[in-house]
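The exercises below are to be worked through with the sequence and the coordinates at hand.

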Amino acid sequence: MNGIFEVNYAAFSVFAALLITEIMGAVVLLVAWPARSKVLDYLVPIWEVTGTFGAFWVVTGGFAYPALLVPVATIFTPLLIVFLILWVARGASIAFAEFITKRGWLDEARLFRAYAISTLVLGLVVLVLLSSLVGGQGVDLSSGSFSIFSWLTAGSLTFMLGTLFLAVGLAPVFFDLPSLKRLVLPLVGFGAGLSTFSYWLMSPDLLTVWMAVPIFLTLLAGALYLWPKTTRLVANKAVFLAVLAIVIFSLQSLVYPKAIGQALAIDSVTTVGAMADAFLSITAVGGLLLVVMLVLYMRVAAKGPSGPDFPRATAG
Amino acid sequence: MAVDPATMLSFVRFLFAFTIGSHILLVSTSIALIFLISISEFLSIRRRDPTYEALARKLSKIFIISFGVGTASGIVMAVELVGLFPTFMTLVASTGAMVLLYAEISAFFLEVLALVLYVYYWNAFKGRYTHWVVSLFVAAGTVASAVFITMLNSWMNTPTGFDAATFVSSGFKTITEVQPFAAFLTASTANQVFHVLATTLFAGSMVIGAYFAYWYIKSRDGDEKAMYSRALKILGAMAMITIILSGISGSEQMGNLLVNQPLKYAALDGNAVPGTNLPDRFFGSIVGGAYVGGISVPGMQSLLARFETGLTNLPGLSQFPASTWPPLLVTTTFNLMTVGGLVLGLFLLVYFVSLIRRRRPYESRRMLYLWIPAAILGMLVYQLGWATDEVGRQPWIVYNIMTVAQAANTSDALLVPGIIIIIFYLAVIPATFYFYSRVFNGSKAREGIAA
C-alpha cells in the first residue's frame with residue numbers, strides 16, 4: 001500500500017463526489033428550473049467547499065508526485081486552460097447569482113444558468129482528463145502531448161456516457177425528487193454497465209474483482225431510494241456524499257498501481273524520504289482540523305440555512 | 001509564425017506579472033474586508049447598534065463573491081506557475097516550499113468552512129458572540145493563507161532547506177538534504193510577512209474606504225450615510241494603524257536586505273559604490289557607475305535601515321558582477337513607493353489630527369474627497385512595492401540559485417493561451433468590482449437595519 005497515493009486519491013474521491021453532485025444540480029437547473037429551490041439549498045453553501053477540495057487534490061498531487069508535475073501540466077495544457085477559464089466562470093457566476101437583485105438583463109436566473117452550463121462543460125473536461133489518466137487515451141508519453149482526436153475512442157466515449165447516465169440517474173436520489181423515482185434504477189443500472197464496459201474497452205486488465213464493490217454500492221444506493229423505509233436515509237446529503245466518495249475511492253484500481261493505460265507505475269513517481277514524512281504529518285494535522293470543522297459544519301447545517309437576507313429560495 | 005525564445009521570456013514575465021497584479025487587487029480587498037466585517041459585527045453586539053450589523057451582513061455577501069473569484073483566480077495562478085516556470089516548480093515540489101503550499105491549503109479549509117458557517121447560518125447561532133467568533137476563524141484562515149504564500153516568496157528571496165550547491169552543479173537535476181520545514185522560517189520570512197500583512201491590510205482598507213467615501217458624498221439617505229460613516233470610522237482606524245506598521249516593517253525589510261540581499265539593497269537605494277554614511281537619494285539615476293541627479297538627504301540610509309548613524313557599511317552595485325544586477329528601474333519604483341508612502345502617511349496624519357480635534361473626518365466631505373485619490377495612490381504604492389521586490393530579485397527567480405530564464409518555459413505554444421488569460425482577467429476583475437457595488441447597493445440600508 002502506498003500511503004501517499006491513498007491520501008491524494010482520497011482527496012480526489014471527495015472532490016469528485018462533490019463535483020458530481022454539482023453536475024447533478026446543474027442538470028436540474030437547466031432542465032427543471034421550477035425544482036430549483038431544492039437544488040439551490042444544497043449548491044449555494046457547498047460550491048466553495050468543492051473548489052477547496054479541488055485545490056486540495058491538485059496541491060496534494062503536486063506534493064505526492066513532484067516528478068509528474070511538469071509532464072502532466074505540459075501534456076494537458078490545452079485542457080487545463082479550458083478548465084481554468086470554466087473554473088473562474090463557474091465561481092464568478094454562482095457568487096454573483098447568489099446575491100444579485102433583479103435589475104437589468106442580468107438576473108439570478110441567467111447567472112445560475114451560466115453557472116450550470118460552465119459546471120457541466122467543466123465536468124466534461126474533467127471526464128476527458130480522467131479517462132486519459134485511466135486508459136491513456138489521447139496521451140502520447142514519448143512526445144509529451146495530448147490529442148483530442150486520438151482521445152476519441154470507443155473506450156473514452158463510453159466512459160463519458162456511462163458517467164453521465166450515472167449522474168443523471170442518481171440526481172433524483174440526491175435531490176429527493178420522487179416524481180423521477182422510476183428513472184433511477186434503469187439509468188443507474190445502464191450507467192454502471194456502460195462504465196464497466198468502458199474500462200474493458202480501455203484495457204481488459206482494468207477489470208478486477210474489486211470492481212464489484214463500486215458497482216454494488218451504486219446499485220444499492222439507487223435501490224434503497226425506491227424502498228420507502230430507506231428513502232430518507234439515502235437521500236440524506238451527507239450519507240449520499242459519503243457513499244459516493246466511497247464508490248469513487250473503491251475505483252482506485254483503475255489508476256493504481258499503474259495509470260495512463262498501464263504505462264506509468266505510481267510507486268516509481270511517489271515522493272520519498274523527508275518530504276514523504278512531511279506530507280503525511282501535515283496531512284494528519286490538516287486532516288484533524290478538517291474533521292473538526294466538518295463536524296461543526298454538520299452540526300450547524302442540520303438546523304438549515306438561516307440567513308434571512310440570502311435570497312436563493314426566491315430565485316428567479 | 002514562430003516567436004523567438006527571448007520574446008517569449010519577456011511575454012512569460014509580463015503574463016505572470018499581469019496575473020499576479022490582478023490577483024493582488026482581489027486579495028488585498030478580501031483581507032481588509034474580513035477585518036471590517038468582524039469589527040463591524042463586534043461593534044454591533046457591543047453597542048447594540050443594528051447599523052453595524054446591517055453593514056456586516058451586507059459586506060459578508062461581498063466577501064463571498066471575493067472568495068469565489070479570488071480562489072478561482074488563485075488556482076489559475078498555481079497552474080500558470082507550473083506551465084510558465086516548470087523548472088522552478090519542480091524545485092518547489094521537491095522541497096519545503098511545497099510544504100508551505102500544503103499548509104496554505106489547510107488554512108484554506110479553515111477559511112472556507114468557517115465562511116460557509118458564518119454567512120449561510122448566521123441565525124443558527126444562539127449566542128451572537130459565538131457567531132462573531134466564527135468570523136475570527138474566517139479571518140484566521142484568510143490571513144494564514146496570505147502568510148504561507150508570503151513565506152513561499154520569502155523562500156524565493158532567501159532559499160534554504162536543501163543542498164543548493166549540489167542542485168546547481170547537477171544542472172537542476174539532483175535535490176538532496178531536504179529539510180521540509182526549514183522553509184517556514186528563512187532569513188527573510190519574519191520581516192517580509194510582517195511587511196506584507198501590514199501593507200496589504202493598508203491598501204485594502206484604503207480601497208474599500210474610497211468606495212464608502214464616494215457613496216457617502218453621493219448619498220442623500222440618512223440611513224445609508226450612517227452606515228457608510230461607520231464603515232469609514234473602522235477603515236480610518238485600520239488605515240492609520242497599518243500605515244505606521246507599514247513604515248516600521250518597511251524599515252525592518254531594508255535592514256534585512258542589507259544582510260541577506262545586499263545587491264538588491266544597493267539597487268533599491270541607488271548605491272553605485274559601497275560606503276558608509278551614504279545619503280538617501282530620490283529620483284536620480286545611475287549613469288556610468290555613478291548616481292546623478294535627484295535629491296539627496298545626507299546620512300539617512302543607515303538611519304533608515306539600521307536606526308544607526310553613519311556606522312554601517314552599505315553595499316554598492318560595483319561589488320557585484322553587472323550580469324547579476326537587477327534592472328535599475330527598481331531605484332525609481334522604490335523611490336516612488338517611498339514617497340507615495342510618505343504622502344499617504346501625511347494624509348492620515350491630517351486625518352488623525354482632525355479625529356482628535358473631534359472634527360469627524362469620516363463625515364467631512366473635504367477629507368472624503370481626498371480619500372479617493374489617496375486610495376488610488378495606496379494601491380499604486382502597494383503594487384509598486386511588489387514590483388520592487390520581484391524586479392529587485394532579478395535575474396533570479398530563486399535568489400543566487402536559479403534565474404528566471406533558466407526556470408521559464410519559452411515555448412511559443414504559450415502565446416495564445418496567455419493572451420486568452422489576459423483578456424479573461426481584463427473582463428473578470430472589473431466585473432467583480434462592479435458586482436461588489438451592485439450587490440452592496442442592491443438593497444436599501446434601512447431594510448437591513450430594520451431586519
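**Exercise 1.** Locate S249(B) in the predicted model, and decide whether S249(B) is buried or exposed.

*Solution.* Begin with the secondary structure: S249(B) belongs to helix α8 of chain B, which covers residues 222-260. Next, count the C-beta neighbours inside 10 Å, of which S249(B) has 21. Because the cut-off for a buried residue is 20 or more, S249(B) counts as buried. Then set aside the neighbours within four places in sequence, and the contacts that remain for S249(B) are with N191(B), F194(B), H195(B) and A198(B).

**Exercise 2.** Determine how far apart S249(B) and P274(B) are in sequence and in space.

*Solution.* Along the chain the two residues are separated by 25 residues, and the distance from C-alpha to C-alpha is 24 Å.

**Exercise 3.** Describe the contact between chains A and B, with attention to the side of chain B.

*Solution.* First take the residues on each side, which are 58 from chain B and 52 from chain A. On the side of chain B, the elements that give two or more residues are α2 (50-84), α3 (86-94), α4 (96-120) and α14 (415-440). The largest share, 17 residues, is supplied by α4(B). Finally, sorting this side of chain B by class gives 42 nonpolar, 13 polar and three charged residues.

Definitions and conventions
Residues numbered from 1 in each chain as written. Chains lettered and ligands numbered in written order. Predicted model: local features only at pLDDT ≥ 70, side-chain atom pairs only at ≥ 80, totals over all residues. Contact = placed C-beta atoms within 7 Å. Helix = DSSP H or I, 4+ residues; strand = E, 2+ residues; numbered from the N terminus. Nonpolar A, V, L, I, M, F, W, Y, C, P; charged D, E, K, R; others polar. Buried ≥ 20, exposed ≤ 12 C-beta atoms within 10 Å, placed from the backbone.
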